[in-house]
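Subject: Handing over a structure

Hello,

Here is the structure I promised to pass on. Please open it first, then read my notes below.

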Protein chains: 2
Amino acid sequence: MPAVKRAPKKAKVTGKPAGKPVKRPATFALRKRPLPTRISPVAIDLGVLNDHLGYFVRRLQVWVFQDFIRRLSHIDISPAQFSVLVIIGANEGLSQSELAATLGIERARMVRMLHLLDRRGLTERLPSSADGRRHELRLTRAGEAQLKQAKALAAQHESSLLPKLGPDRYRMVLEALREI
Amino acid sequence: MPAVKRAPKKAKVTGKPAGKPVKRPATFALRKRPLPTRISPVAIDLGVLNDHLGYFVRRLQVWVFQDFIRRLSHIDISPAQFSVLVIIGANEGLSQSELAATLGIERARMVRMLHLLDRRGLTERLPSSADGRRHELRLTRAGEAQLKQAKALAAQHESSLLPKLGPDRYRMVLEALREI
DNA sequence: TATTGTTATACTCTATAACTATA
DNA sequence: TATAGTTATAGAGTATAACAATA
């Protein structure tokens, strides 16, 4: 309603006992709604957005991540967590800073992500013998098993993009972006 | 340092008088650091991430947005704000819900964005005469002027992507994503 | 002095629930 | 009952500052 011409609403604070924090899933809870058929459902004139790569890249990124999140929701692995596990698995013993720099995640943020993965028993941080400041990162046995499962689901996710984009476009775009 | 084998740090709370909130820029404060030469600086084995479109799309999206933010930092327009102004400008009188659905932004989020743009004198919400629930959105004169400036800067941003991606790749990717 | 890992803080954004005015 | 706009809240992510241990 047109609040512009009425008194402010005052928020009517929810009637809940204030002690009932609703548990939300760890990753974005986008799982329930069906994905839209088109990535960019156009009902309205996009104006100059039509000439901006960033707009379409953003729409595609959101759509791809949502599909990824849905497919890996069973094992509760987010895209960021997946990338962390993959990099550690492929580069055992690397440091948190190297990992963070590789993925473009802040060091401070990486600390919390690794805390969580440690607590879930998927990763370990071993003090480096060569450099007392560093942690050498590795997957636990459970982490390796989880990563294997995640890779299988992620591969399914990736396969699903082919028909969505069309095989030619898919290959073209992937190769183009990989080279940048 | 290897906290795993030491007592928890206890956070040493910062010595500040606790009454000095540092003013941060409205958009992501990524302006100061130089953009990396390569979008995905690879120093480390990416493993199966090399086969995932989502990874590269995400890296590209972040990179493109950072450039956009820098270039429009003078006028303090974020990518999301730009898209809102463009859509309103190209579709005067549309409702908040339509705008939000078009851009994939939550209605609740859109409220705060429009509050801010209203407060800055760039947009207006007029009660619809046909439907008492709706607001018809439009740009103010100032909003039109600001959008014009923003479009010019955004066009410069877009031009800068061409040499970065290579003109052929740029056209290919833009056309591919636009069709999806 | 610089770097690694860490904690804390502020802010942005997403997801959701609940409320109101209206249809 | 459903929809448009709104408020509130929880959580994820980003940016930044500051600190201890170590180099």
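I start with a helix pair in chain B. Helices H5(B) and H6(B) pack at an angle of about 115°, and their axes are 6 Å apart. Keep in mind that this is a predicted model.

Which residues make that contact? From H5(B) come B:Leu161, B:Leu162 and B:Leu165. They meet B:Pro167, B:Arg169, B:Tyr170 and B:Val173 of H6(B). By class, this contact has six nonpolar residues, one charged and no polar.

Now H5(B) itself. The helix covers residues 141–165, which is 25 residues. From first C-alpha to last, H5(B) reaches 36 Å, close to the 36 Å expected at 1.5 Å a residue. Just after H5(B), B:Gly166 takes a positive phi of about 90°.

Several residues of H5(B) are buried, among them B:Gly143, B:Ala150, B:His157 and B:Glu158. B:Leu161 and B:Leu165, which also take part in the contact with H6(B), are buried too. What do the buried residues pack against? Within chain B, their partners are helices H1, H2 and H6 and strands S1 and S2. H1 of chain A is a partner as well.

That brings in the other chain. Chain A has six helices and two strands. From the N terminus on, the order is α-α-α-α-β-β-α-α. Of the 180 residues of chain A, 31% count as buried. Among its contacts between residues at least 6 apart in sequence, 52% join residues at least 24 apart.

How do the two chains meet? In all, 58 residues of chain A are in contact with 58 residues of chain B. On the side of chain A, the elements giving two or more residues are H1, H2, H3, S1, H5 and H6. H1(A) supplies the largest share, 13 residues. By class, this side has 33 nonpolar, 13 polar and 12 charged residues.

The same surface serves both copies, as 100% of the contact residues of chain A recur in chain B.

Best wishes

Technical notes
Residues are numbered from 1 along each chain as its sequence is written. Chains are lettered from A and ligands numbered from 1 in the order in which they are written. This is a predicted model: local features need pLDDT of at least 70, side-chain atom pairs count only at pLDDT 80 or more; totals for chains, interfaces and linings use all residues. Two residues are in contact if their C-beta atoms, placed from the backbone, lie within 7 Å. Helices (H or I, at least four residues) and strands (E, at least two) are DSSP runs, numbered from the N terminus. Ala, Val, Leu, Ile, Met, Phe, Trp, Tyr, Cys and Pro count as nonpolar, Asp, Glu, Lys and Arg as charged, and the others, Gly among them, as polar. The expected span of a helix is 1.5 Å times one less than its number of residues. A residue is buried if 20 or more other C-beta atoms lie within 10 Å of its own, exposed if 12 or fewer, and partly exposed in between; C-beta atoms are placed from the backbone. Axes are lines fitted to C-alpha atoms, for helices over the stretch in contact, and angles run from 0 to 180 degrees between N-to-C directions.
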